[in-house]
Amino acid sequence: MNRQSRTNQKIIIDIQQKRIGAAFRSIPFESGAATAVYIRELTDIKTLGELVIAPLEAHTHAAPPGAERAAGIVGTEDCRVLSDTDSIVPLLLDGYTVLLLSGDRRFLAVDIKHVEKRSIPTPHSMYTMRGPRDCFIESIESNLSLVRYRIKDENLRVCNRRVGRRTKTRVSILYIEDIANERIVREVKKRISAVDTDGIIESGELQAFMLNRRLDLFPQMGIVERSDMACGALLEGKVVVLVDGSEWALVAPKVLSEFLWSCDDYYDNKYLGLLMRVLRVIALFISFAVSSLYVAIVSFHNDVLPSSYMIAIAETRAKVPFNALIEVLLIELIAELIRESLIRVPTKIGAAVGIVGAIIIGQAAVSAGVFSPLLLIVISISLIASFVPSDYTMMSPIRVLKLLLILATGTFGMFGFTLVCTIILANLVSIKSFGVPYVAPFAPFNARDALKSFFYSKSGAPMRPIFLRTKDPRRSSKKKQ
Amino acid sequence: MVRKLLLALMTLLAALISAGCWDAIDINNKNITTLVAVDKQEDEYVFYVEIPGIANGSGNDENGGTRYSIETGRGATFAQAREDLNSKMDKPIFLGTVRTLVLSESLAQDDISKYLYRLQSIPDYRKTVGVVTTRSPVETLLAVQPENNVSVGYAIEDTAETLFAEGEAVLTTTSEILEWLYSDNVSFIIPNVDETDGNISLNGYTVIQDGHSAGYIPAQRAKGLVCFLNPAAEWRYVVPYGGRNEATVEATLKSKRIQPRKTEKGWMLDTSFVFDAIVMYKDTETPLNDNALFEINDELQKLLAADIETAVMQTREFGCEYLGFDDAFRISFPNEYEKMDWRTAYMRMAVRLSVKSTLDPGGMMDFEQKK
């Protein structure tokens with residue numbers, strides 16, 4: 001046994017002692033041996049046999065080859081010659097097969113990783129009438145391939161990082177170099193590098209780490225599950241972050257108005273798009289404010305309604321034992337219970353829960369005089385409106401703020417409503433998403449972008465948004481004559 | 001940090017002072033009022049309020065409509081009458097929903113300003129509430145069962161607004177009356193609604209001067225008055241032509257202009273009216289040739305001029321001006337207006353009327369050609 005064989009033996013013992021579930025396969029040569037070390041669950045065993053073991057066995061009549069020669073014998077694409085033995089365990093945990101050679105102090109790291117993954121599904125959160133049906137899955141390689149498939153640009157950059165001391169999750173930062181604003185790219189990379197945690201399992205965790213301040217309520221990055229939307233964002237000059245193990249990609253920067261746009265806006269008729277965008281703004285306002293306005297009108301400012309409506313509302317509330325604030329808080333609680341239960345229960349009984357919640361409880365509560373029928377209508381509309389914006393991450397802060405608004409309005413009337421709205425507005429205008437003002441292009445106001453954000457479809461627009469300050473502001477190659 | 005904390009505390013304090021849940025009264029815990037009527041009977045004032053029955057859903061009638069009830073309060077003064085009314089109420093009265101304010105003829109003859117000044121200090125009271133007078137006993141008017149089970153307050157408002165929209169009536173609101181009451185020498189009119197054969201009908205106008213009733217103009221004699229005060233006045237006239245034929249013509253006010261000017265003989269109010277007219281009905285036997293159209297138009301202008309002149313004569317008769325001449329004069333001659341006693345000066349002013357109309361034969365069949 002030569003000196004290198006003894007060293008390899010020691011390495012193998014070290015790996016065994018670490019109990020990471022590594023398997024060993026020795027290939028004896030005429031003088032010495034090569035040992036393949038791998039983790040069975042992460043390795044494609046068939047490929048290992050066919051492309052690593054079998055070619056090496058064909059050379060066992062001679063002395064074990066050196067690292068370069070072995071790399072030539074092994075038939076895989078990603079085969080690296082390394083010498084840092086400290087990196088062996090991390091490589092094994094990452095799915096690499098390590099080939100220790102008794103004839104060379106260096107070793108081979110062969111990528112024949114095999115991870116169980118599902119096939120490319122259809123989107124389940126970002127439905128669209130028109131457009132591709134493929135969306136991201138948990139495998140970052142598959143997700144990258146979907147992006148590469150759509151953007152065949154040599155300037156598409158993919159920067160990889162490892163995040164999480166224990167999970168060592170692979171994070172890929174994607175951007176198109178000659179479009180994306182360098183400052184934004186730098187900021188994204190900086191924030192990802194600064195993440196200090198032992199593990200990142202899902203992109204949502206990374207998103208939380210990348211907030212300006214840890215207590216910020218509004219999301220400063222968008223999420224996409226559709227690869228076409230991620231590509232659209234890249235073409236617009238944004239940065240897309242893929243996280244291994246997460247089917248949601250992150251998009252930065254993202255301004256408030258963009259949370260209201262849907263994937264249909266990329267492909268559909270622009271006039272319909274305009275209508276839908278206005279509808280989504282109205283839906284956002286309804287979901288946020290309508291229950292508070294109900295409290296304000298019923299308890300404080302009765303005179304803002306025409307008399308006939310007032311009489312109708314008074315009649316519907318005649319038997320209700322609670323004041324408007326308590327009534328709204330109770331029914332909001334029930335609505336949240338139904339929403340939460342519908343998310344958790346299996347799809348098949350979801351409809352039954354919906355019927356029980358919406359019809360039976362609603363009908364019974366009205367008949368019993370616990371709630372007024374008008375309030376049920378108000379809350380139902382509010383609930384339906386909350387599902388309209390396509391990016392649900394925007395609705396989470398809205399749901400929280402809605403409760404605050406109801407409490408403030410129930411206590412101070414329209415004064416409280418105005419006060420909370422002013423505070424929220426002040427907060428919104430002070431936020432920046434990776435250096436871009438959150439309420440751009442409305443504050444700071446840019447007429448062209450503001451108009452464009454309503455009137456033109458994104459993909460059809462000849463110019464990229466000014467607020468992104470992209471390197472290449474034009475999407476079309478030349479001006480229209 | 002301390003400054004920010006102070007700012008937050010100040011904001012909260014301001015919020016607490018400005019409004020609070022202690023001010024809140026839910027809509028169903030108020031007596032929603034759809035009509036207020038004020039009457040003077042001998043030496044006491046009487047308040048009537050019309051309230052929908054909403055408590056526990058028991059206020060609905062057999063058809064499911066809202067049943068309205070009338071509550072009254074009496075007293076030697078307005079304050080006593082209100083206290084009497086309050087003592088009969090289970091919930092606070094909410095006046096923000098009042099559709100109509102009814103003033104009895106007896107109150108109008110006494111003084112309406114006493115009550116109307118009070119409206120300024122009631123923030124709930126909408127300033128666009130229509131005001132009417134009534135010559136019917138108030139109880140009789142309020143006992144009317146309007147169509148569609150609506151309240152009397154709504155019925156009066158709807159009647160007045162419909163007639164105004166059709167160009168056949170004049171509306172008066174509380175804010176206008178308050179403005180007029182504040183101005184010196186300003187007279188005005190209030191529509192008068194009465195109970196007629198179990199229905200509510202607008203029968204005329206009460207002329208108010210210095211807060212008192214100065215006279216009454218029946219609706220039949222108020223066509224000219226409406227032409228002055230309704231910018232979309234619209235009347236129909238049966239116009240004779242060709243010796244034995246008649247055509248019904250609808251005349252719609254297109255424009256009105258009052259131009260005061262000073263002449264050698266004194267102040268002159270040049271008043272011109274332009275109407276668009278259309279033939280509605282006519283004898284089919286005789287065609288409307290150019291001569292006939294000219295004749296009808298000429299006759300129509302005379303009829304319109306007569307009605308407008310009647311309106312001017314009525315102002316002389318009542319000794320007060322309410323047709324809007326004062327506004328036109330004040331705008332044209334503000335300094336002179338300040339110096340003069342408008343009421344006296346107006347009586348001496350000459351009013352020159354000019355009425356023009358453009359007649360449209362109505363696009364009816366050309367019978368001449370048919371023959």
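This is a guided tour of a predicted model, moving from chain A to chain B and saying at each stop what to select.

Before selecting anything, note that residues are numbered from 1 along each chain as its sequence is written, and that chains are lettered from A and ligands numbered from 1 in the order in which they are written. Because the model is predicted, local features need pLDDT of at least 70 and side-chain atom pairs count only at pLDDT 80 or more, while totals for chains, interfaces and linings use all residues; pLDDT is the predictor's confidence in each residue, from 0 to 100. The model as a whole scores ipTM 0.75 and pTM 0.77.

**Chain A: the domains**

Colour chain A by domain, using 3-111 for domain 1, 140-254 for domain 2 and 269-437 for domain 3; these bounds come from an automatic or database domain assignment. The centres of domain 1 and domain 3 of chain A, taken over C-alpha atoms, are separated by 62 Å.

**Chain A: the five-stranded sheet**

Now select the strands of the open sheet of chain A, whose order is S1-S2-S4-S5-S3 and whose pairing is antiparallel. Helices (H or I, at least four residues) and strands (E, at least two) are DSSP runs, numbered from the N terminus, and two strands pair if DSSP finds at least two bridges between them. Strand S1 (22-29) and strand S3 (79-82) of chain A stand at the edges with a single partner strand each, so one side of each has no neighbour in the sheet. From one strand to the next the twist averages 20°.

Walk across the sheet from S1(A), which is joined to S2(A) by eight bridges in an antiparallel arrangement and forms a hairpin with S2(A) that has two residues between the strands. Here A:Arg25 has A:Ala36 of S2(A) as its bridge partner. The next pairing, S2(A) with S4(A), is antiparallel over four bridges, and A:Ala34 stands opposite A:Leu101 in S4(A). Continue to strand S4 (residues 96-101) and strand S5 (residues 107-111) of chain A, which run antiparallel and are joined by five bridges, with A:Leu99 opposite A:Leu108 in S5(A).

Axes are lines fitted to C-alpha atoms, for helices over the stretch in contact, and angles run from 0 to 180 degrees between N-to-C directions; two residues are in contact if their C-beta atoms, placed from the backbone, lie within 7 Å.

**Chain A: helix H15**

Select helix H15 (residues 392-412) of chain A, where 21 residues at 1.5 Å a residue should span 30 Å, in agreement with end C-alpha atoms that are 30 Å apart; the expected span is 1.5 Å times one less than the number of residues. Among the buried residues of H15(A) are A:Met394, A:Ile398, A:Lys402 and A:Phe412, where buried means that 20 or more other C-beta atoms lie within 10 Å of the residue's own, exposed means 12 or fewer, and partly exposed lies in between, with C-beta atoms placed from the backbone. Just after H15(A), A:Gly413 takes a positive phi of about 70°.

**Chain B: overall view and domains**

Turn to chain B, whose mean pLDDT is 88, with 92% of its residues reaching 70 or more. Chain B has 13 helices and 14 strands, and buried residues make up 38% of its 371 residues.

Colour 25-221 as domain 1 and 223-370 as domain 2 of chain B; their centres, taken over C-alpha atoms, are 33 Å apart. In the contact between them, 18 residues of domain 1 meet 18 residues of domain 2.

**Chain B: the four-stranded sheet**

Finally, select the open sheet of chain B, in which four strands follow the order S11-S12-S13-S14 with mixed pairing. Its edge strands are strand S11 (234-241) and strand S14 (350-360) of chain B, each pairing on one side only. Strand S13 (residues 266-282) of chain B runs parallel to S14(B) and is joined to it by 11 bridges, and B:Phe273 has B:Val355 as its bridge partner in S14(B). Helix H9 (residues 290-318) of chain B packs on this sheet, touching S11, strand S12 (245-263), S13 and S14 of chain B, at about 145° to the direction of S14(B).
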